[in-house]
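Please keep the sequence and the 3D view at hand.

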Amino acid sequence: MEDELSNYLSALDRDGCYRVDATLKDGRLETTQRVYFVGENGAELGPFVRKYLAPGLGGAYERIFAAQRDGVRLPHLPRIVECHRQDERLVVVMEHVAGETLADAAAAATDRLDLVRRVFPDLCDAVSELHELLDPPVIHRDLKPGNVMVSAAGVTLIDLGIARTWREGGEQDTTHFGTRAYAPPEQFGFGQTDVTSDVYALGMLLFFCLAGRDPAAADRERGFAADGVPEGLRDVIAHAAELDPARRLPSARAFKEALLAALGEKDREAEPPTFEASGTSPLAWLSRVPGWVGVAWNVLVAAACALLLIGCVGAMLYPNAELATWPTWYLLYAYLAFAMPVILVVSYLLLDRRPLRRRVPALARLTVRQEALRGLLVLLVVFAAWVVAAMAAGV
């Protein structure tokens with residue numbers, strides 16, 4: 001009893017150290033304030049966001065607070081400073097996230113497709129943090145344009161008041177909250193929410209960013225076809241927003257992969273015809289090679305690369321009579337700084353890089369020719385440096 005009283009009084013003291021600058025939300029279930037911490041000398045630190053949550057809400061904040069204290073890195077979530085109970089309410093103090101909401105970013109965007117390219121991969125990573133770095137997963141349940149903050153540093157998810165922990169064997173959620181346009185059916189009593197519930201919301205957010213408005217029932221009837229929604233991305237939205245959770249994209253990571261693949265197709269359609277893309281290039285046939293053939297080819301290239309690298313190591317450790325006459329520094333340089341880099345660069349250029357390009361946006365923005373030219377430039381630099389070294393060694 002004494003410990004409980006001590007903790008209660010300590011919490012009251014901590015709350016009293018904050019100056020309320022503005023009340024951002026004041027409702028029956030939640031009060032949100034912008035506050036500053038005031039030190040004993042009158043100096044202020046902040047701003048911070050302080051939330052008072054009604055009983056039954058905010059449990060995800062306690063889990064995130066514990067995970068952050070244990071060293072779990074959650075870069076797409078606000079850093080929680082305080083988390084304690086007071087009169088059955090949960091009090092949470094966290095960093096104030098700078099930037100603009102996704103709603104504001106979409107309203108100001110002149111190119112909505114460019115906004116999707118910039119924001120959505122990071123948004124998928126943010127949702128994946130909740131699902132993959134916390135065990136069991138935390139389901140946000142209120143992903144909407146106003147709860148996604150966008151800044152130069154990336155995406156931050158806010159307002160986890162109704163987020164919940166997925167429960168093995170659970171039949172349905174105990175609280176049925178959410179924003180109707182973005183929440184799936186199971187969130188309103190038709191089953192237990194899981195990671196696919198947030199995938200549903202991601203699909204609806206993608207529609208919002210492209211169409212510039214909230215999705216409506218009529219949009220579902222049209223298969224999410226609307227002005228500003230490219231066909232490839234429409235398919236991603238429809239697959240993510242299936243009413244049956246079992247038919248949805250299974251995770252935020254899978255959503256991201258489907259999104260990047262669709263954006264890659266759109267990028268190629270938008271580019272002016274080039275020698276490579278027109279089909280007159282010998283490289284044009286690569287896009288029509290079956291995936292399993294590419295995998296088999298990559299295995300052969302990787303095996304050949306490994307054998308050549310092993311040969312380089314053997315030549316350095318057990319040089320033949322001719323190599324033994326070379327200066328030791330030049331022998332090491334010739335293999336470590338010349339032969340091995342050449343083998344690695346050539347092997348990379350020979351790979352079927354389609355799977356890699358789907359997963360790495362920076363590569364997806366390069367054509368095969370651009371990659372080849374950059375690889376040849378690296379080879380040229382390495383070769384020139386080797387010529388200089390050979391002259392210096394007198395070989």
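Which residues form a nonpolar patch on the surface? They are Trp-297, Leu-300, Val-346 and Leu-350, with about 380 Å² of accessible area together. Before we go on, please note that this is a predicted model, in which local features need pLDDT of at least 70 and side-chain atom pairs count only at pLDDT 80 or more, while totals for chains, interfaces and linings use all residues. Residues are numbered from 1 along each chain as its sequence is written, and side-chain values use heavy atoms, with hydrogens and water left out.

Patches are built from residues with over 30% relative accessible area and no salt bridge, joining like charges within 9 Å and nonpolar side chains (Val, Leu, Ile, Met, Phe, Trp, Tyr) within 5 Å. The accessible areas come from the Shrake-Rupley method with a 1.4 Å probe, and for residues only the protein chains shown count as cover. Helix 9 (291–317) and helix 11 (328–350) each supply at least two residues of this nonpolar patch. Helices (H or I, at least four residues) and strands (E, at least two) are DSSP runs, numbered from the N terminus. Leu-350 sits in helix 11 and is partly exposed, at a relative accessible area of 47%. On this scale, buried means under 20% relative accessible area, exposed over 50%, and partly exposed in between (1.4 Å probe, protein chains only).

Now for the charged pairs. How many salt bridges does a search of the whole structure find? The search finds 18, where a salt bridge is a side-chain nitrogen of Lys or Arg within 4 Å of a carboxyl oxygen of Asp or Glu. One of them joins Glu-30 to Lys-51, with the closest N and O atoms 2.5 Å apart. Glu-30 lies in strand 2 (residues 30–38) and Lys-51 in strand 3 (residues 44–53), so this pair ties together parts that are 21 residues apart in sequence. Both Glu-30 and Lys-51 are buried.

Asp-114 and Arg-118 form another salt bridge, their closest N and O atoms being 3.1 Å apart. These two residues are 4 residues apart in helix 4 (residues 112–133), and therefore separated by about one helical turn. Asp-114 is partly exposed at 31%, whereas Arg-118 counts as exposed at 52% relative accessibility. Arg-234 and Asp-235 also meet through their side chains (2.9 Å, N to O); here Arg-234 is buried at 17% and Asp-235 is partly exposed at 39%. Elsewhere, Arg-19, Asp-21, Arg-34 and Glu-44 are linked in a network of salt bridges.

On a 1 Å grid over the protein atoms alone, a cavity is a set of points where a 1.4 Å probe fits but cannot get out, and a pocket is an open set with protein on both sides within 12 Å along at least five of seven lines; lining residues have an atom within 4 Å of a point. The count comes to 1 cavity of 30 Å³ or more, and about 40 Å³ of space lies in the largest cavity. Its lining consists of Tyr-61, Ile-64, Leu-77, Pro-78, Ile-80, Met-94 and Leu-160.

The second largest pocket has a volume of about 300 Å³. Of its 15 lining residues, Leu-24, Thr-32, Val-49, Lys-51 and Ile-158 lie nearest its centre.

How values were computed
Points joined across faces, edges and corners; volume = space filled by probe spheres on them.
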